[in-house]
Amino acid sequence: MNGRSAVLEIYHSLKDFLFPPVCPSCESAMITGGIICPDCIESFTERAFHYAAPPRAMEHVTDFVILLPYDGSCRRIVHSLKYHGMPSIGLVMGELLARKATAQNPVGENALLVPVPLHPDRFKERGYNQSEHIARGISSFSGHEIRTDILKRARKTDTQTALDHSKRAENVRNAFVFCGGRSLSGRDVILIDDVLTTGSTIAECARALSEGGAGRITVCVLATPDPGNE
């Protein structure tokens, strides 16, 4: 270990001692390390396996697996993942999502994990794609192959957060294209995103993948708002 690395390690150790990291969900001090505190992990796990999301139907999509309702604690987790530079949350929550998906709707071993892509400008701003980290968490449990090279965001779109249903659909229309070198030839796909609100983004991604020859498309997301709270 060189001198600079040793100084940095001492600095971070002292910083964590004086200002212990906090759980992004409950904001309690993380005394034992980790990303999310054990109490919140236990709570998320129990809620996930009891939560039944409102039924959805969408062209090109065979099934949905939704981990949690998009409420206060889940919203804090998602915001930390997307906006506060904590991509490792995606690994933790992705594994939990994989466990629920396996119990709820087992997908064939040959299915591909495809995270919803970010535009390069957005990726540069954020430094990572949160959906890809969720996919990595799923893959760590399920072993499915992750493919980030077959679905592309063809144009930069405005953030969906402040748009209503019709504007969201217009905002992402034809924003995604299949860019695989050859047809998927009926291969199943697991499409990954963080939050499913109106479904406009997922619908466009599913359309592009279907045009690329995908078979069954299963959508796996961390959360969805309760009806009326979108």
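A charge sits over a ring if NZ of Lys or CZ of Arg is within 6 Å of the ring centre and within 35 degrees of the ring normal. Select Arg75 and Tyr70: Arg75 lies over the face of Tyr70, 4.8 Å from the ring centre.

This is a predicted model, in which local features need pLDDT of at least 70 and side-chain atom pairs count only at pLDDT 80 or more, while totals for chains, interfaces and linings use all residues. Residues are numbered from 1 along each chain as its sequence is written, and side-chain values use heavy atoms, leaving out hydrogens and water.

Next, show the strands (DSSP runs of E, at least two residues, numbered from the N terminus). Five of them form an open, parallel sheet in the order 1-7-6-2-3; strands pair if DSSP finds at least two bridges between them. Strand 1 (63-69) and strand 3 (145-146) are the edges, each pairing on one side only. Strand 1 runs parallel to strand 7 (residues 217-224), joined by six bridges. Select Phe64 to find its bridge partner in strand 7, Val219.

Now select helix 4 (residues 88-104), which lies across strand 1 and strand 7 at about 130 degrees to strand 1. Helices are DSSP runs of H or I, at least four residues. Axes are lines fitted to C-alpha atoms, for helices over the stretch in contact (heavy atoms within 4.5 Å), and angles run from 0 to 180 degrees between N-to-C directions.

On helix 2 the contact includes Ile41 and Phe44; on helix 4, Val92 and Met93 are among the residues involved.
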